[in-house]
Structure formats: C-alpha cells, structure tokens
Amino acid sequence: MCESWEKVVVKSEGCSVSDENILETANNSEFLDTISSLLRRAHFRNANIFRRAFEGTEITYPRMTLLFAIAQNSGVPQKVLGEIVSLDANTVSDSLRRMEKIGLIERMESVDDRRVLTVQMTRSGLDMLIEAVSKSRKMQAQVVERLSSTEIKKLRALLQKLQGP
C-alpha cells in the first residue's frame with residue numbers, strides 16, 4: 001500500500017495504477033466535509049467538553065440525559081424513557097441499573113402491569129441533577145462559544161429537524 005502523504009494523500013513511485021486511482025479519489029473526496037463527518041467531529045468535541053466539565057463526578061452523558069428525562073417524566077416505564085432520550089434498550093437498562101445501584105433512582109413494578117418497571121428519582125438523584133444543571137449551563141456555553149445567538153437558534157432548529165418527529 002502507498003503511504004506517501006502530502007496534504008491528504010499524494011501519488012508516489014511504487015504504487016500500482018489502481019492505487020493511484022484510489023489515492024486520486026481520496027485527494028478529490030470531500031468526505032471530511034460531509035455533514036455526517038462534521039457532526040461526528042462536533043460530537044467528539046462536545047463529548048470532550050462534557051468529560052472535562054463532569055470529571056470527578058458520577059455523571060455520564062447517558063445518566064445526565066436520563067436524570068433530566070426522569071425529572072420531567074417521573075414514574076414512566078423504563079421503555080418510554082429510552083424512547084424519550086433516543087437511547088437503545090440495553091444502554092437504558094444498563095444505565096438505570098448503575099444509577100439504581102448508586103442510589104440515584106428507584107425502579108418499581110408498575111401497579112398496572114408487574115412486567116413493566118417504572119422509574120422515579122431519589123433525593124440523591126435530585127442532588128446530582130442540581131449539580132448537573134449548574135455544570136451543564138457552563139458546558140453548553142463552551143459548546144456554542146464560537147456561534148452567535150442567531151446561529152445557535154438556527155443550529156438547534158436544524159438539528160431538531162434532522163432528528164425527525
């Protein structure tokens with residue numbers, strides 16, 4: 001495989017014709033500027049800002065997301081929480097299990113259907129939510145620090161549109 005690099009990739013001696021075609025395609029590709037690539041890199045930037053903001057706490061992104069969803073929808077079934085926050089069932093179940101283990105939430109059988117687990121926040125969960133709100137405001141300011149208020153509104157609307165109904 002050719003491993004000569006200049007800017008993105010350049011042709012070098014010893015490469016076959018098909019290698020040169022691949023390298024030319026890579027040089028002319030706009031992949032790094034596609035929406036999906038830009039969203040992914042923005043996500044990683046956001047994740048790094050989050051990690052620094054919540055370093056030394058028990059708060060992870062899924063836990064924080066679930067805490068906010070539980071605060072707004074106390075007593076809803078675990079499955080519904082996953083739908084609200086767009087997390088898969090395994091991530092929700094694992095996160096809630098860990099949150100219950102450290103005393104942030106309680107899961108109880110539904111009075112209507114014992115097969116269904118409902119979720120409620122504990123006092124410790126509320127304390128963590130209060131801490132998360134404070135840190136989250138600072139974190140969000142960092143995430144959008146390069147944008148004007150108009151750009152922030154446009155970005156929020158576009159991201160919501162991409163999410164769909």
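Which elements cover the buried residues of α3? The cover includes α2, α4, α5, β1 (105-109), β2 (117-121) and α6. This report sets that helix within the chain as a whole.

## Basis of the model

This is a predicted model, in which local features need pLDDT of at least 70 and side-chain atom pairs count only at pLDDT 80 or more, while totals for chains, interfaces and linings use all residues. Residues are numbered from 1 along each chain as its sequence is written, and side-chain values use heavy atoms, with hydrogens and water left out.

## Overall fold

The chain has seven helices and two strands. Here helices (H or I, at least four residues) and strands (E, at least two) are DSSP runs, numbered from the N terminus. Along the sequence, these elements follow the pattern α-α-α-α-α-β-β-α-α.

Of the 165 residues in the chain, 23% are buried. Buried means under 20% relative accessible area, exposed means over 50%, and partly exposed lies in between (1.4 Å probe, protein chains only). The chain exposes about 12000 Å², of which carbon and sulfur atoms supply 52%; accessible areas come from the Shrake-Rupley method with a 1.4 Å probe, and for residues only the protein chains shown count as cover. A contact is a pair with heavy atoms within 4.5 Å. Among contacts with a separation of 6 or more, 48% are between residues 24 or more positions apart.

## Helix α3 and its buried face

Helix α3 has twelve residues and reaches 17 Å from its first C-alpha to its last, close to the 16 Å expected at 1.5 Å a residue. The expected span is 1.5 Å times one less than the number of residues. The buried residues in α3 are R63, M64, L66, L67, A69 and I70. An α-helix has 3.6 residues a turn, so residues three or four places apart point the same way.

R63, placed in helix α3, counts as buried because its relative accessibility is 11%. Not counting residues up to four places away in sequence, R63 touches E58, R98, M99 and I102.

## Two loop residues

S86 lies in the loop between α4 and α5. Its phi is near 60°, a positive value in a residue other than glycine. At 59% relative accessibility, S86 counts as exposed.

L104 is in the loop between α5 and β1, and is buried, with a relative accessible area of 3%. Leaving aside neighbours within four places in sequence, L104 is in contact with M99, M121, T122, S124, G125 and M128.

## Salt bridges

A salt bridge is a side-chain nitrogen of Lys or Arg within 4 Å of a carboxyl oxygen of Asp or Glu. By this rule the count comes to eight. One of them joins R97 and D94, with the closest N and O atoms 2.4 Å apart. These two residues are three apart in helix α5 (residues 89-101), and therefore about one helical turn separates them. R97 is partly exposed at 41% relative accessibility, and D94 is partly exposed at 28%. D94, R97 and R98 are linked in a network of salt bridges.

R107 and E100 also form a salt bridge, at 3.1 Å from N to O; E100 is partly exposed at 30% relative accessibility. In another, the side chains of D113 and R115 meet at 2.9 Å, N to O. D113 is partly exposed, with a relative accessible area of 23%, whereas R115 is exposed at 75%.

## The largest pocket and helix α7

The largest pocket has a volume of about 1800 Å³. Of the 32 residues that line this pocket, N46, Y61, Q140, V143 and L159 are the closest to its centre. The elements that give two or more residues to the lining are α2 (35-53), α3 (61-72), α4 (78-85), α6 (123-143) and α7. On a 1 Å grid over the protein atoms alone, a pocket is an open set of points where a 1.4 Å probe fits, with protein on both sides within 12 Å along at least five of seven lines; lining residues have an atom within 4 Å of a point. Grid points are joined across faces, edges and corners, and the volume is the space filled by probe spheres set on the points.

The largest share of the lining, nine residues, comes from α7. Helix α7 (residues 149-163) has 15 residues and reaches 21 Å from its first C-alpha to its last, close to the 21 Å expected. After α7 comes G164, whose phi is positive, near 85°.
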